[in-house]
Amino acid sequence: MMTVDLAAQSVRDLNKALHECKDNLTEKEWVVTNPKGNHNIAVGLDADISVDIHGHAGYFCAGMNKTANITVHGNAGQGVAENMMSGVVRIKGDASQAAGATAHGGLLVIEGNAGARCGISMKGVDIVVKGSIGHMSCFMGQSGSLVVCGDAGEALGDSLYEVHIYVKGTVKSLGADCIEKEMRSEHVAELKGLLEKAGVDENPLDFKRYGSARQLYTFKVDNASAY
Amino acid sequence: MSNDTNNNPSLKESATFDRATMAEIRRAANTGIYDIRGFGAKRKVPHFDDLLFLGASMSRYPLEGYRETCNTSVILGDRFAKKPIKLDIPVTIAGMSFGALSANAKEALGRGASIVGTSTTTGDGGMTPEERGQSSKLVYQYLPSRYGMNPDDLRKADAIEVVLGQGAKPGGGGMLLGQKITDRVAQMRNLPKGIDQRSACRHPDWTGPDDLAIKIQELREITDWEVPIYIKVGATRTYYDVKLAVKAGADVIVVDGMQGGTAATQDVFIEHVGIPTMAAIPQAVQALQEMGMHRKVQLIVSGGIRNGADVAKCMALGADAVAIGTAALVALGCNDPKWDEDYKAIGSAAGFYDDYQEGKDPAGISTQDPELMKRLDPVEAGRRLANYLRVLTLEAQTLARACGKNDLRNLEPEDLVALTVESAAMARVPLAGTNWIPGQRF
């Protein structure tokens, strides 16, 4: 196990060492201490390694992650796991706004709450939030799944494309073109798998499903009031 | 205004409600939707034609046009990047997306740019192998939609351009209509085939210049500080935008004036938002100079560049390089008269075609139709673009030598005068024959 103390080394030193794992994998387990809210911790990783960050992380932690398994033992700032491609990112605490923004793949688990715009423009990632999410979450979400065990804020799924959204609690309001949909058996199975992958003990039958009404997929003047 | 079609001089056309205006009112009344089109602003605005060079005579010493060198190379992004970009000519190809353009067109742009040692730029939709393979220097755009964005392509890029806006539609997002969404385009953008694809107007994971500074740091970290980071803005509040971009950590700033083209947006946006390229350059240069960053953070300008005189005038006003989009497409064959019958068949004409959003381009450039795409040979089109880029460079060198400059970047505002009061005020050079710069003291 390799420990990097950010009180003694820079984020640049850390990321450089983690990037080198792609071509020269000598250490699979990494621990980061004293992150102290630094930005851009463990970004652009592309190796089958685990990184445990003990403390709070700033903006864009785990950004564009591929393959790696990153855990923040604290809170994460804006844009955690943005544009993630694969791997697993787990936040033990809360996540700020735009968690998992535009992420293309992998699994993002937020054990606390997530702020506004969680999963904005997501493109294939699976996001599981044990707590609640803020307003405008999943705005223009394209594909993947968003699971919320708590409540969702205003305008959930505005201008949604093909993301599957599952919410256990209340939804303050749905965004344009987002509707509640029937929870069929395949959706129960999908949700069950997502909860298991995330290690969350919830009953899939307690959730409601939301998705796109697909009325804004092509411009129609009759929908002008929705734009 | 007389009516020339009816040959009746007593008929008077309204300057306010002319025939084009009335036609647009009728179109709006018939359809209930605003007009979407490609190309750039078509209205007449103060432009580089309103500026003239003061060639050398007694008080200045010219260089011999064919025997004395005039450097055209420029290095971009040497502020922080380990690997700045060296361009052999100060004319680059602006960002245009695969999706809006055919794969053959993107390949041709790469080929033409590479022949003359300059860069080309991806667009909204990601990086194609054709483009990367044929572009010796490729700038990867980082856009609000993040269509096709991935760290592997990011690391293949020679520079990264964070796009905040473009001159044709500052403050607006984009739209790729469903008819251009083929299987390949849909797959690259993670969206279903055949539906309209909206591009957001704001980045999804940061707001404001302080956040942008952190975002730029993230991009540098992911790419191990190897490549330059550009910031592109549409020309509006250019003085302030440039200052904020420098503060956020940009290596290079791209300012796109209102004459810059687009693949598709509302006509009202194209014609009524932003400021002319000529008006934006002095604002950008002033901001850089006040921060002590002129020539340290390089300035690329675009929007309506057509010939070597435009290139030289931009550089005289303080730009380090220019970017071309519309002119590059014309060099490839866009709006070529040889397709006039086909243009007429779809309700347009060669020289007027701007419905890039419909995907029916007879020239095979702004289309995803396999049959139309075959009309554009990327090798031949790339050669045409290279020829055109050479002419731009030779023309700019001709003017620079006439002003006594052995480097295009030695051109300066003092070499210019303006033909109109408006252009003098915008470009901040004297009205020809006077020492008067409107808005400034004598």
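The model is predicted: local features need pLDDT of at least 70, side-chain atom pairs count only at pLDDT 80 or more, and totals for chains, interfaces and linings use all residues. Residues are numbered from 1 along each chain as its sequence is written, while chains are lettered from A and ligands numbered from 1 in the order in which they are written.

Chain A holds two helices and 11 strands. These are DSSP runs numbered from the N terminus (helices: H or I, at least four residues; strands: E, at least two). Their order along the sequence is β-α-β-β-β-β-β-β-β-β-β-α-β. Of the 227 residues, 56% count as buried. Buried means 20 or more other C-beta atoms within 10 Å of the residue's own, exposed 12 or fewer, and partly exposed in between, with C-beta atoms placed from the backbone.

In chain B, Tyr34(B) sits in the loop between helix H1 (19–31) and strand E3 (36–39). Tyr34(B) counts as partly exposed because it has 15 C-beta neighbours inside 10 Å. Beyond its neighbours within four places in sequence, Tyr34(B) is in contact (C-beta atoms within 7 Å) with Gln266(B), Asp267(B) and Val268(B). Tyr34(B) and Gln266(B) lie 232 residues apart in sequence, yet their C-alpha atoms are 6.6 Å apart.

Definitions and conventions:
Contact = placed C-beta atoms within 7 Å.
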